[in-house]
Amino acid sequence: NIAPVPKWALIAVAVAGAILLLLFLICIIRCCCGKKKPKKKERISLCPVSNSTTASLVQPEMEDLERGVEQMRRGKLQYSLDYNFRTQELKVGVKQAVELKAMDSGGTSDPYVIVYLTSDMKKRYETKVYRKTLNPIFNESFTFQVPQAEVPESTLVMQIYDFNRFAKHDIIGEVRLPLASVNLQHVIEQWSELAAASKVEEEQLGEICFSLRYVPSTGKLTVLILEARKLKRMDSHGLSDPFVKVHLILNRKKWKKKKTSVKKNTLSPYFNEVFVFEVPFNQIQNVDVVISVWDHDKVSKNEAIGKLFLGCRATGNQLRHWSDMLSNPRRPLAQWHILQPPDVVDKALGLKSHLKLPLASR
């Protein structure tokens, strides 16, 4: 007789069978999943190569291209051109800019526009500075005297800069428009993409740093000449002997002047010299401050290296500095400025005479 199978043996066999069945099911699931994954990978990796060309293997994806273009974008500028053949004047309207490249750490910029013609680079115009915006609306116009014969040889240059009070102003981009390629028979208004700036064409005269302070209650205007740098070489040995003159112009007539000491054999002089002028509050709106840098010469006549002027008639950075001074009474405000050709500044000032004008009291 066969002995009956113990109950515990049946339970053990059942458990073993269940374990084997479970292992079998796990193997099947793994195999199925393992077969599906390669198909998924193939589908992802082979899609870009569906063109079956070598170029598609090395060319970047469209998303990468778009991202690269986005990084290169500097913004757009809207402007207008109107040439008067009778007076031979070109009127340039700087309208607005959009989507400018952010130059500041806060993700914004302080843009302004410099406008000039390559046929006469000494004559430059600047718009006002607009704070913390990538979409400034300028709406300013500038007039250039351009003989009709010179029009085809001229290129209009509009450069957008990011203003910085204590450092070099960064150029965001520029628009260069050869006038030979434009039909000036009618008024033109259009948008252009900003391009990377070309090499600087004009001669660099240097920069000067000074502070302004005005106290309305006492009528004290304080001009502190701090330093200059990168001045134009005026002497045969490649250096200069610079000094600074500060002129006050009242109602377009020369009024008061003071000057610093001479710094020998340097293109980066440090002055730190202060001048105080009495300008009553009722006259401050009529005053221009002219800062000029000169090269001292014992033998011949002193030569002007460069100039600039500040006041309510000024433009660009000079007007901004003056406005900041007036809106912050009793507080000294320092700023770097780029020197301009002396004849351009003199023409912009339009002085009536060289006689001193006594201050009229009210």
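A residue counts as buried here if its relative accessible area is under 20%, as exposed if over 50%, and as partly exposed in between, with a 1.4 Å probe and protein chains only. Strands are DSSP runs of E with at least two residues, numbered from the N terminus, and two of them pair if DSSP finds at least two bridges between them. The model is a predicted one, so to speak of local features takes a pLDDT of at least 70 and side-chain atom pairs count only at pLDDT 80 or more, while totals for chains, interfaces and linings use all residues. Residue numbers start from 1 along each chain as its sequence is written, and side-chain values use heavy atoms, leaving out hydrogens and water.

On to strand β6, residues 155-162: eight of its eight residues are buried. In a regular strand, side chains alternate between the two faces of the sheet. For β6, both faces are covered: Thr 155, Val 157, Gln 159 and Tyr 161 are buried on one side, and Leu 156, Met 158, Ile 160 and Asp 162 on the other. Strand β3 (residues 111-117) runs antiparallel to β6 and is joined to it by seven bridges, with Tyr 116 opposite Val 157. Strand β7 (residues 170-178) also pairs with β6 in the antiparallel sense, over eight bridges; here Tyr 161 stands opposite Ile 171.

Then there is an open sheet of four strands, paired antiparallel in the order β5-β2-β1-β8. Its edge strands, β5 (137-145) and β8 (188-193), each pair on one side only. Within this sheet, β2 (residues 89-98) and β5 share seven bridges in the antiparallel sense, and Lys 91 sits opposite Thr 143 of β5.
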